[in-house]
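Please keep the structure open as you go.

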Amino acid sequence: MKSSSRYRWSVLAIFFIFILLHQADKLLIGPLTPIIMKDFNINMAQMGLVSTGALFVGAVFYLFWGYLSDRFSRPKLLALAAFIWGSTTWLNAIARTYPAFLVTRSSTGIDDSSYPGLFSLVSDYFGPKLRGIVYGILQFTQPLGYLIGMLLGLFLAGAIGWRGVFYFTGSLGIVMAVVIYFGVKDVPRGQSEPEMEEIDIQGHYEFKWETAKALFKKPSLRLLFIQGFFGVFPWNAITLWIFVYLADERGLNETTQYIVMAIAVVVLAIGYPIGGALGDYFFKRDKRGRLYVSMVGVLLGAVFLWFALNVPENNVLLFTVLLACTAFFMPFASPNVVSTVYDITLPEVRSTAVSVQYFIESLGAASAPLIAGLIGDRTSLKDAFLWICTSTWVLCAIFFFVTSLYINKDIGTLRGQMTDRAESERLAQQSGPQEVA
């Protein structure tokens with residue numbers, strides 16, 4: 001049975017709150033980095049290793065969560081992920097030594113990789129023509145969560161300490177576990193595809209290893225996987241080290257740091273739904289549209305970042321404006337990459353497809369904070385941002401362009417497969433309920 005329009009938007013609202021709070025907890029480490037470094041008396045390379053550890057654990061668990069999400073109930077798995085989020089954050093707050101902090105912080109990466117199941121479930125509530133804006137809305141929560149993390153770091157850390165902040169955000173994870181478990185229901189995989197619009201799906205399309213292996217035969221998907229390895233370098237380098245850069249290399253006081261970053265984060269948040277909406281708009285006119293929007297976004301992000309980092313330290317206003325311009329274009333690719341993956345993959349392997357995408361991204365991202373810290377120790381964080389961000393964004397633009405040469409064929413293949421399934425469903429309903437292969 002098709003889900004009501006009102007219910008699917010309520011599910012989206014629950015997931016919006018879940019990701020918002022989860023991202024606030026996950027990204028809180030950035031604003032709290034100076035306090036934590038002072039508490040444990042560690043250098044930038046050691047702090048970089050903390051984030052690298054969490055990213056490495058998350059990378060390993062992407063494949064685990066993706067496989068389970070294509071096999072079992074996605075809402076129950078997401079509820080489990082929320083419970084793990086709360087539990088590991090509490091453990092991280094308990095740690096009293098740097099080695100213990102490193103281990104417990106790394107364990108928080110377990111739940112960070114549960115999103116493929118969430119995005120897969122959302123794809124079964126919303127069809128291809130809306131997915132860009134829907135994923136843009138969900139990913140809007142990432143910078144908004146970062147902003148909330150900044151506010152928590154500013155107003156709570158001084159009063160209850162960074163450990164107290166972690167206890168608070170960990171408790172929110174437990175609450176969200178209960179809400180998702182009782183408030184979200186699973187739906188048939190593929191129910192929102194255009195070919196299934198007039199059909200109540202009776203067949204059970206289950207994960208098969210043959211179908212999963214076929215993902216790697218799609219040229220456009222292989223190119224997106226490779227692009228993802230480089231595409232997240234800038235995000236992870238900037239997320240961890242931006243406050244240290246603003247304080248140590250630009251000489252900004254704490255209040256100015258938060259003002260500059262608040263402006264950048266708000267603009268960044270706006271970029272997600274706008275990038276997704278533009279991807280939907282051009283996708284309706286040309287199946288390569290999402291990739292073109294992604295390509296333009298990363299190129300303009302690289303250009304504005306280069307200009308921002310070369311602004312003299314005393315010109316705070318110009319730096320803030322150029323950093324905001326960078327932030328606006330940075331997220332254009334994100335909702336369009338997820339939507340493009342779903343444009344070319346069968347519903348029963350979509351969690352797996354995105355988990356592979358994120359696994360490869362995490363392999364690249366896991367080294368970014370450490371590399372940036374090493375460069376920062378030897379030269380400057382400005383050099384680290386310039387070398388890491390501009391080079392990888394230009395490389396990603398090249399991959400998006402090459403992917404656009406193959407995307408039409410791969411989309412056509414999926415549409416043909418869904419047409420065949422729709423016909424099988426009609427025949428099955430005429431002869432009575434049965435399993436559709």
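Predicted model: local features only at pLDDT ≥ 70, side-chain atom pairs only at ≥ 80, totals over all residues.

1. Is Arg163 buried or exposed? Its relative accessibility is 13%, and buried means under 20%, so Arg163 counts as buried. You will find Arg163 in helix α10, which covers residues 157-183. Leaving aside residues up to four places away in sequence, Arg163 touches Asp39, Phe40, Ala93, Ile94, Ala95 and Arg96.

2. Next, please look at Asn41. This residue sits in the loop between α2 and α3 (44-71). With a relative accessible area of 71%, Asn41 is exposed, because the cut-off for that label is over 50%. The backbone deserves a glance too: phi of Asn41 is near 55°, a positive value in a residue other than glycine. Most residues other than glycine have a negative phi.

3. Now for a helix pair. Helix α2 (residues 29-40) packs against helix α13 (residues 233-248) at an angle of about 60°, and their axes are 7 Å apart. The crossing of α2 past α13 is right-handed. Which residues make the contact? From α2 come Gly30, Pro31, Thr33 and Met37, while α13 brings Thr239, Leu240, Trp241, Phe243 and Val244.

4. A relative accessible area of 12% falls under the 20% cut-off, so Ser106 is buried. Not counting residues up to four places away in sequence, Ser106 touches Gly53, Ala54 and Val57.

5. In helix α7 (residues 115-123), 9 of the 9 residues are buried, so α7 is largely enclosed by the rest of the structure. The buried residues of α7 are Tyr115, Pro116, Gly117, Leu118, Phe119, Ser120, Leu121, Val122 and Ser123. Helix α17 (residues 333-343) is mostly covered, with 10 of its 11 residues buried. Among the buried residues of α17 are Ala333, Pro335, Asn336, Tyr342 and Asp343.

6. Stepping back to the whole chain, how many helices and strands are there? The chain has 21 helices and 0 strands. Its radius of gyration is 22 Å, close to the 22 Å that the globule rule gives for 437 residues, so the chain is as compact as a globular protein of that length. Taken along the principal axes, the C-alpha atoms fill a box of roughly 75 × 45 × 35 Å.

7. Of the 437 residues of the chain, 60% count as buried. Among contacts with a separation of 6 or more, 86% come from residues 24 or more positions apart. The accessible surface of the chain comes to about 17300 Å², and carbon and sulfur atoms account for 67% of that surface.

Key:
Residues numbered from 1 in each chain as written. Heavy atoms only, no water. Helix = DSSP H or I, 4+ residues; strand = E, 2+ residues; numbered from the N terminus. Buried < 20%, exposed > 50% of the residue type's maximum accessible area, 1.4 Å probe, protein only. Contact = heavy atoms within 4.5 Å. Axes fitted to C-alpha atoms, helices over the stretch in contact; angles between N-to-C directions. Left-handed = near helix turned anticlockwise from the far one by under 90°. Rg over C-alpha atoms; globule rule 2.2 N^0.38 Å. Areas by Shrake-Rupley, 256 points an atom, 1.4 Å probe, with all protein chains shown as cover.
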